[in-house]
Every structure is written in structure tokens, then in C-alpha cells.
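Open the model in your viewer and keep the selection tool at hand. We will go stop by stop, and each stop says what to pick and what you will find there.

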Amino acid sequence: MIASPHWAQDWMIGAAETIALVVIVTGLLQVGFYVVQLGYAAFALSNRPPVPRGATLWRRYSGEAPPITVLAPAFNEELTVVESVRSLLALEYPDFEILLINDGSKDGTLDRLVAAFGLTRVERFVDDALSHARIRAFYANPAQPRLLVIDKDNGGKADALNAGINACRTSLFCAIDADSILEPDALLRVVRPFIDDPDLTIAAGGTIRIANGCTIDSGRVVDIRLPRNFLALVQIMEYLRAFLMARLALGKMQVLTVISGAFGLFNRQRVVEVGGYSHATVGEDMELVVKLHRHMRDQKKPYRIEFIAEPVCWTECPEDLAVLGRQRSRWQRGALECFAKHRAMCLNPRYGRIGMIGFGQILLVDVIGPLVEVLGYLLVPLLYGLGLLALPWLLAFLSVTVTFGIFVSVATLILEEIQLRRFPRAGAIPILAAIAVIENFGYRQLSNVWRIQGWWQFLRKQQGWGTMTRKGFATAPTG
Amino acid sequence: MTGKLVFLWEFSLLLSAVALLAISALLLARVARDRLERRREDIRLRLLPSMLRGQPAEVERSRLFRRVAADLTVELAELVRGNDREGFIAAATQAGAGKELARRLRSRASQDRLIAAEALAMFPQYEGTVSKVALGDKNADVRLGAALALAHEGRAPPVGELVRRLGIGSTERSLLVVSLMRDLARSDPHAVAALLYDFEIPDAAKLAATDALADSAAVDHAPLIAWMAEASEEEGDLRPRILRALGKVGHPSAHEAILAGLDSESWPVRTTAAEAAGRAALVTAVPRLSELLDDGQWWVRFRAGEALMRLGSAGRAALRKAASDGRPAARAAATTIMAEQGAT
């Protein structure tokens, strides 16, 4: 693949060949791994397909469904917090409690809650197993026995969740984002692995979908539509690949390393045993799952961490480049922090499949992936410009990588259409297919630049919540 | 070299063509499905009133008609109860739903097989088919779902046979097994109780039977509690569950086992024993529960405090004493639990 000009030394040609090979092989390895994931995801869906109707779920599982505490940390959410709590209280589950943790909000989050739900100060005997910032007070109303508000000093999301775990009195807790919209039967769906295998299951996650473009009424997604914003459309495709393909497959392989902070169900005791959520990371959701794997493997105890395909939660995704860029670099930093902290597990046979496959995947996709790809963007044109690379070969390999990526995206769309069919309008299919093509030219490269920013932040050890600007969900017209 | 280059381009083209064809096929399938949905909706609207009233409908001899009838049966089965059920089943049978559901018992999709088994269990004439096909299904969810549906209708095979066929307590560890045992205990409590004395039945299956029998008034609790008390002497993963069931039964002969649980070295056992002591109104446990307010484990302190609150004046007096002159952990537990429950 090298066209050697007369001035080029052998080592130059060798280096150019190596660089091109590393870029191409990494790309192909990634795509190859995605194809394997696709196979596993298809098998998981056909072997245990989603339960289509909420009434069926209730009939099957409500009798033995264990009580759940829902932990919803909130920070400066005065615009949406009351609606969010109302929607949580309307969840369809036989026995649950909502703990809303006000993490030292500087706005009127607490006041709005107190006024809307008639809350007064109460006492609560709480565990002290996990460390967190000081709890100022508890608020409740006997007329709303399922709601308890914890008001605490600001300490970050992980800190707020730890306070919630200490106050939780059920063997299972569900960690969510206060501003996410849960499906009414989300708890019944995600509790299924804990009912099916109560002794082994220690955590379970479900699919998160993007609500941009959808109509929301009374805290429920009532009409699913695609957004008009290009960035939101691309993220829909990304989420489909991430959840319906990657996480479902990794769950099937029992090597799932992330359960989204927006929705995850955990065995409280196991989480306490690993010290709860870590404070010193921005990827606390990923780190918790990795800690659980590590703990159970170190203890040589059998366990399962499951993923269910059904959509359980809707979230608003960023629609402008600056906010999306910040989010993506934060995710990248979180993955790197987690990888660095638990690097002893990477490709370590002692940790079995989680060390070999789970961490192998993080290494390939999150650690090396963006570096190699950006290196490719910089060096390959340079080498071509110097006449050290042959254009026909370069384009041919690039074309294989891109079309493989498109093929994987289309296959994910097929899975979605066959098993879930959550897009009621047929027009969504060609639009998303077109996005799967377009995203390769511009968005993919930009995304990798954001990830390199995450790398840079990781190296500089930046911390913090990060600013997530939300525009609020569109609601159905009233009256 | 050129050959390899051409291969790479051809491979890319092939992938693109496959993706394009797949998307086209998806779109065509969606359009066809939308058309079919309209026809299904027409049939559904015609069938719905007669099935709800339990009256014979005007039957079409088409596969689509039988499919709609089967889907409606599944949908309405969760709504139709009591006396209306018989007429509903007759109307569904006449519309061909039974035949269609029996066919679905052999569907490739396990969810379809499970839903078909659950609905078909309502049809008396298909009891044998469900037992034979669905209880022997390769998918564990389908087997358990069929067993639950049959037991709910009082048409399940003998309980011992079910335990063996489903692998209850060995391969089948679902919590739904307790629901199954509860339904089985409703129709034949003595057969469920007999599981406790069968040496070949795994302990986890016996425990599920125990949970179910604890809710049943149809059996003599004394032998049941004797078995539970004996089983609770062994430290193990099952002990907390046994103690919880003993607390639920609340029988005096369970008291000794609960008191012994309060002294266990395992904190989950102490926790459930404290909970059981409160539920069983075990006043003799008050001194030990007071000591447990100072336990190293928060769960034990919490359940001990809760139990003392349940145990009337003696329990509250113990809490007040701990709040005033107990050790720091006991004082904090007693004070907060009393304040939380408005007892200060």
C-alpha cells in the first residue's frame, strides 16, 4: 500500500506502513467487535424477548416483586423537580419509596417540593455505612407515604446517591436522574432479573431512549417522534447502538461494565460492600459496576449483572455542539478514570471474562480508539501528502470501515424494528438510516476530537459536575 | 495487488447493498404490516363486543381471523373474571382462539409460546396440551409461566411432579415459585406440605412451600413450624428466609427458633430474627432486642428498634431506657426511631 518516492528512506516507509496499519486494524477490530455484539444482541432478544404489555408484566411479577427504593438526586432542578416527582409517584409497582436527594441546590428546588407536596420536617434513622456530605434535614408528608426528601450539603451526584443508599430501607435501590422520564412500568421491567435469579443478580440496567422531539404529557412520553435537530438525530442512532446492541450483548456475555446513571437497579448490600459510589470520579456509574465485578470476583462469589432491552427511561440529549462536546469529553474522562483505577483487571485472567472481554473492550473502544483514530486523521493525510501512502488503498480500507459501521447501524435498526418497534411512524426508518451514513462524515471526527479533550482533561485531573444546559421537555398542549 | 484492492471495494459495495436492501425490506414490511393492522382492527372491532358478552361471533374461516381472536383472548383474559369467564372462553373457542393459541405453543419466539400457554391454561379442553407441550418447553420462562397459569386455574399436575419437571430449587430459582406454591397450596395444601418430608426435594423448594403454607390457614402449622424450626438451626443462606416465614406465622412454637436467631453470629440472621420477633409479638425477646440496639450492624439496630416499637409498652419502655442511658449507638437508634414514629 506504499508508493515510495525516490527520496523516502526505508524507515520512513516502514513507519508510514505501521501507522496506516494500526489505524486500519484498530478500526476493523472495533467494527469486528460490534459485529460479534450484534450477534449476541440478536440472540439475547430472540431468547428472552421483551414483554410487550404492562398488564402482562403486572400479572406475572407484581405478586413477588421485592420492594424498591428509587434514589433521585437533584441539583438546581426547580423548574422540573415537582413534575419529575409526580411522575415518579405514579410509577406502576407494588411497593416502592422515592427518596429525592436535594444536593445543596442553590435555587428553589427544596422550597418547590415542600410547597407542592405539603412536606414537613421529619426524623429518619439512617445507616452510616457510606460517607457523604452532611444531611441537613428530612422532609415527608404522611399523606404521601412513598416520598421522602433528603436535604443535604452539596457534594456531587455520587455523594447524593450515597446519602440515599444510607437512608434506603429496601434490599434493592434504583438510581435515576431526577430529570429523566421513566416508563410507567420501568421498575417492573428492570426487576425481572432479580425475580428470576434473586440469589445471583446484583445489578440490572435497561435501555435509555432520547426524548427530544417526543411529546411529553404529565411526565409521560405520549407521542414518539424524531427530533428535527441533526445532533439529536445522531444521538438517537448512537443510543440505539449503545443500548440495543452493545450493552445488551455485553450483558448477555456477562461483561457489562456500565449501567447508566440515568437508570439502574442494584442490590443495596453489595453496593455498600464496595463502598458505594466513588466521589473522586465523573464516571461514578461505570465505576460502581466495575467495582461490583471486581468485588464479586475477588470474593469468588457467583453473580450476575443483567441488561434488559426494553426502554425504561427517556432523557433529553444536548442539541448544541458546546454542551454535547462537554458531555462527551466528561464521559471519556470518566471511562479513563475508571480504566486507570482498575487497570489491574485489564486482560487479567484472574478476573475471567470481565478482565479479558469487558476491559479489552474498554481498552479498544475508550482508551486506544479515539487516540488512534485522531492520529489517523492527522498522520494519514500528512503521509499521503508526502507521497508515502497510496491513495487507492487508503480509500479502499476507509470505505470498508465506514460501510461496516453503516451495516452495524442498519442491523441495530432491524433489531429495534423487529423486537421493539418503538417508532410508530415508518418515516423514522429511512431518516435514521440516512443519519447512519451521514454521521461518518464530520460528526464522527468531531466526536473523536471531544474524546481527545476528555483524554486531556483526564491527564490534567479535572473534576466537577460539569454544566449541562437543558432546555426542558416539550409538553403536550393543554386546554 | 490490484485484485485485493478490487476485493476491498467490492466488499464495501456488498455491505452497502445489503444495508440498502435491509432498509428497503424493513420499509416494505412496515407498510405491509400497517395495512394488515387496519384489517386486524376491523376484525377486532367486530369480535370484541361478542367476546366480551360471551356470545358466539360471526366467524370467518381465515387465519387472520383466528389470530385476532387469539390476541383478543390474551388481552381480555386479564380483564374477564368470575361468571363471565365461562362465556368468554366459549366465545373465544368458537372464534378459533383455542386452536390458534395451541399452534403458538410451538412458535419459534419464546415470548409467543409463553403468552399462548398462559392464555390457553384458561381453556379446560387444552389442559393436557399445555401440560404436555408448555411444561416440557426448552425455555425455563415458558415452563414456569405455564405452571403458574395452570396452578392459578387449579389444573396443575401433582406438585411433586411439577417440582421435578421445573427443577424448582435446583435450576429454577425464581421468586415466582412462591406464587406457584401459593396457588398449589390453595387447591391441595396437604400435597404442598408433604414436600417438606420428601428427602429428594431441594431445601429451596421446601422454603418456597413454607412461604406459601405460612399464608395458608388450611394446614396444621405445628408440623410445618417443627420443620422450619429444625431447618433454622443450621446457619446458611436460607436461614433468614425461614425466620421471616416463622415471624409471619407467629405461632408460639416458633418463638424458640426466633430467640435463637437473635443470638446468631450472622447479622442477616439477627436482622430477620429481630423483624420476626416484632411480627410474632414475642415480648420475651425485649431484653435481647434492647441489647441489639447496640449491634455493630445498622440493619440489626434498625430492625431491633422497629420490633421494640411493635412490642407494646414493654418494647417502648426498653426504647426509652436505651435513649436515656444506653451506649451511644443504642441511644442514637432508640431516640431516632422513637422520634420517627412519633413516640417521643
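Start by selecting A:Arg444 and A:Glu373, whose side chains meet in a salt bridge at 2.7 Å, N to O; the term stands for a side-chain nitrogen of Lys or Arg within 4 Å of a carboxyl oxygen of Asp or Glu. The pair links distant parts of the chain, 71 residues apart: A:Arg444 sits in helix α15 (residues 443–460) of chain A and A:Glu373 in helix α12 (residues 352–385) of chain A. Helices (H or I, at least four residues) and strands (E, at least two) are DSSP runs, numbered from the N terminus. A:Arg444 is partly exposed at 24% relative accessibility, while A:Glu373 is buried at 16%. Here buried means under 20% relative accessible area, exposed over 50%, and partly exposed in between (1.4 Å probe, protein chains only).

Before moving on, a word on the ground rules: this is a predicted model, in which local features need pLDDT of at least 70 and side-chain atom pairs count only at pLDDT 80 or more, while totals for chains, interfaces and linings use all residues. Residues are numbered from 1 along each chain as its sequence is written, chains are lettered from A and ligands numbered from 1 in the order in which they are written, and side-chain values use heavy atoms, with hydrogens and water left out.

Next, pick B:Arg182 and A:Glu64. Their salt bridge has its closest N and O atoms 2.9 Å apart, and it crosses between chains, from helix α9 (residues 176–187) of chain B to the loop between α2 (54–61) and β1 (68–74) of chain A.

B:Arg327 is exposed at 59% relative accessibility; B:Asp294 is partly exposed at 27%. For a network of salt bridges, select B:Glu37, B:Arg40, B:Arg63, B:Asp71, B:Glu100, B:Arg103 and B:Arg104. Over all chains, the count comes to 53 salt bridges.

The largest nonpolar core has 263 residues, and A:Phe263, A:Phe266, B:Leu47, B:Leu180, B:Met181 and B:Leu289 have the most contacts inside it. Such a core is a set of buried Ala, Val, Leu, Ile, Met, Phe, Trp, Tyr and Cys residues joined through side-chain atoms within 4.5 Å. Its largest share, 14 residues, comes from helix α8 (residues 230–252) of chain A. Zoom in on A:Phe266: among the residues that it touches, not counting those up to four places away in sequence, are A:Phe173, A:Phe194, A:Tyr277 and A:Leu292; contact means heavy atoms within 4.5 Å.

Another buried stop is B:Thr271, with a relative accessible area of 8%. B:Thr271 lies in helix α15 (residues 267–279) of chain B and touches B:Trp299, B:Val300 and B:Arg303, again leaving out residues up to four places away.

Finally, colour chain A by pLDDT, the predictor's confidence in each residue, from 0 to 100. The mean for chain A is 89, and 94% of its residues reach 70 or more. Residues 465–471 of chain A stay under 50. Where pLDDT is low, the predicted coordinates should not be read in detail.
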